[in-house]
Amino acid sequence: MSFESANEVPPIIETHALTRDFKKTRAVDSLDLSIRPGELFGLVGPDGAGKTTTLRLLAGLLNITSGSAKVAGYDLARQPEAIKRKIGYMAQQFNLYGELSVLENLSFFADLYDVEVSELRERTERLLAFAGLTEFKDRRAAQLSGGMQKKLALACTLIHQPEILLLDEPTTGVDPISRREFWDILTDLNLAGTTIVVSTPYMDEADRCLRVGLMYEGRMVVCADPQQIRARIEGELIELRPDDWQAACALIETLPGVLEVQTYGNLLHVLVDSADKRLPEIETALRKHGLTYRGVRRVTPRMEEAFISLIRRLEVD
Amino acid sequence: MSFRHLRAVIRPEINHILRDRTTFVLVMLVPTAMLFIMAYALTVDIKHVPIAVLDYDRSPTSRAFIQQVTEGEDLDLYAQVDSLDDIDNLLTRGEIKAALIIAPDFEHDLLSLRGIPLQIIVDGTEPKSGGFAVDHIGGRAEEFISEALASRIRALNVNVSLDSLQPIDLRVRALYNPSLKPRVDIIPGLISMVLGFPALSVALTLAHEREHGTLEQVLVTPVGRAEFLLGKMIPYIIVGLANVIIMPAIARVTFHIPFNGSFPLFFLLSAVFLFAILSMGMLVGVFMPTQPAALALSFLVIFFPGFFMTGIFFPIASMPAEMRMEAMSLPGTHYATITRGVFLPGVGLDVLWPNVLALLGMGIVFTAVAALSFRKKLG
């Protein structure tokens, strides 16, 4: 995908050295971020990396310590209220008013965002259908399943048709099917032109973004499209399932040409300089030590391996 | 100020009060229950207080005096003792609440028209019963001694008026009133205290929204600060006014408190008080990050001074000057004046206007400080 032509469009979110300190920590450190209209931008990083703080800053919920930012053409420090009409923000623990019904929750936000009364009915029905909540519209929010609550929360943040959506881990704690449905909705919205910035702990979700920013200790350490991030993995990847993964892991780490070993339960992912050359060597070494294994194969690196590898390198520095 | 925003904020709060049983009980039933409990507990009649008597005189007059003091249901003669040590013992073990000591020359002094030394020892850990014993013994002693003196004066045939002897301070008797009278002025005062509960609810609801994450979601909307705060307050003003109807009814029916003033005026002034006290609760809710913190601070600034400093139980006139100033800056003080004034003498605005102005001023100041301190930010 080429962005050369798109680069001429002014960014819809732009930050310069955006910094936010809490009492003892610098949660966001000199963040430079430029997001174009219509992008689907993923924020990833370990817990405590500053993803939530970044999204709260962009939503105008926190004061900036230093630096500057423009969102939807408005200055974040001076015009936060103007920005609020342009964005939809969904907090990590989005909590609806549990005693209100689905419909009442929607009209609560419609009132606060001054949605035209003439448009309200049509818009509500469309959002309910969109979120698959039409038949539950009179149910109290507290009695919805976790996945449905997230969809209702999303519908509430969409009621004023925001240009930008800021979503903080919207699918955490949701079952895989609801998660997939939720992302299908996000993709549709993005295709319809909404700019989306979403933080996620799930690497398969990061893979669905146009661009991914990896945060670590308050800084944006990598910002690229998923292919580029995968390409940053050095070497090639071998997967195998040893019966004694701890012994196998210890052994493989000592072999020549092995860059990194990642464990996923008893599944080992081994990064090597050349898969063709090292795969037979690993098999020989394991047999020599009497370690049995199954399903050895060469695989293409995913976001997950790239993420872990990048974070490990950062932790070593 | 957008009416639509205001209505939007009010609606979930009303729903919360009506649909959440805990909140409903807290704001609708607890004030009434508190009124009942406190009204009964604070005005209970004291009877059968056990006392001991140490009679050094052992004369017919002292025996008659003891007889008269312990007559009736008020004081019970628990023991006649022989030494101060015995009194000490009984007091320590809690078997008596007070002791009366009659001096060796009781009869002699009385007959020669001299001052009569009477000593009463009281268990200071229970000042209520002790004070009651003092008042009662004083009252009885006064009756007995006046009578004895009068007959002695007649017998001696001297020209002395009884009044000039002033055997015992008459004020004791004048102040003491064992009937239900105290309730008459305590209950209207109590109403001003229990109406602090809606204020607590406001503080708690703000802290709850902050803890629960609903506040974060509201802060990203274009809702105004004043719209949000007023919207949170109005439902509890309505709830408070429901209590304002229920409680005078209870006061009249259950406790037979006369309501001599105008009810519409009382209702209106109650609304002004609710505005003042709820804005105080709002201030607590704006600054406290969690519900336990909001609860603790509410007790410290609303209920505790409401109990001790608003003149319901302890007269403001007897407070030191600084405390009096503090008392005058509490909404409860002014509302207690209003409730008593409207209930008992049935006075109107011509008398109560300074209190009404004070309440309005406090409400406006507290709301303004709350609105200015409330930032549409987290942390």
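Colleague: Let's start with helix α9 of chain A: which strands does α9(A) lie across, and at what angle does it run to β12(A)?

Modeller: Helix α9 of chain A, residues 245–253, lies across β11, β12, β13 and β14 of chain A, and runs at about 165° to β12(A). Axes are lines fitted to C-alpha atoms, for helices over the stretch in contact, with angles from 0 to 180 degrees between N-to-C directions. Contact means that two C-beta atoms, placed from the backbone, lie within 7 Å. Helix α10(A), residues 275–288, also packs on the sheet, touching β11, β12, β13 and β14 of chain A; its direction makes about 20° with that of β11(A).

Colleague: Where do the numbers and labels come from?

Modeller: This is a predicted model, where local features need pLDDT of at least 70 and side-chain atom pairs count only at pLDDT 80 or more, while totals for chains, interfaces and linings use all residues. Residues are numbered from 1 along each chain as its sequence is written, with chains lettered from A and ligands numbered from 1 in the order in which they are written. Helices (H or I, at least four residues) and strands (E, at least two) are DSSP runs, numbered from the N terminus.

Colleague: What is the strand order in the open sheet of 4 strands?

Modeller: Strands of a sheet pair through backbone hydrogen bonds, either parallel or antiparallel. Two strands count as paired if DSSP finds at least two bridges between them. Here the order is β12-β13-β11-β14 of chain A, with antiparallel pairing. β12(A) and β14(A) (293–299) sit at the edges with a single partner strand each, so one side of each has no neighbour in the sheet. From one strand to the next, the twist averages 20°.

Colleague: How many bridges join β12(A) to β13(A)?

Modeller: Strand β12(A), residues 258–264, has 6 bridges to β13(A), and the two run antiparallel. A:Val261 stands opposite A:Val270 of β13(A). These strands form a hairpin with 2 residues between them, and A:Gly265 in the turn has a positive phi of about 65°. Strand β11(A), residues 236–242, pairs with β13(A) in the antiparallel sense too, over 5 bridges. There, A:Glu236 has A:Val272 as its bridge partner, and A:Leu237 stands opposite A:Leu271.

Colleague: Which strands make up the open sheet of 6 strands?

Modeller: Its order is β6-β7-β8-β3-β9-β10 of chain A, with mixed pairing. β6(A) (87–90) and β10(A) (219–224) are the edge strands, each with a single partner strand, so one side of each is left without a neighbour in the sheet. Here the twist averages 15° from one strand to the next. Strand β7(A), residues 164–168, runs parallel to β8(A), joined by 5 bridges; A:Ile164 has A:Thr195 as its bridge partner. Helix α5(A), residues 146–158, lies across β6 and β7 of chain A, at about 155° to β6(A).

Colleague: And what pLDDT does chain A average?

Modeller: pLDDT is the predictor's confidence in each residue, from 0 to 100. Chain A averages 89, and 97% of the residues score at least 70.
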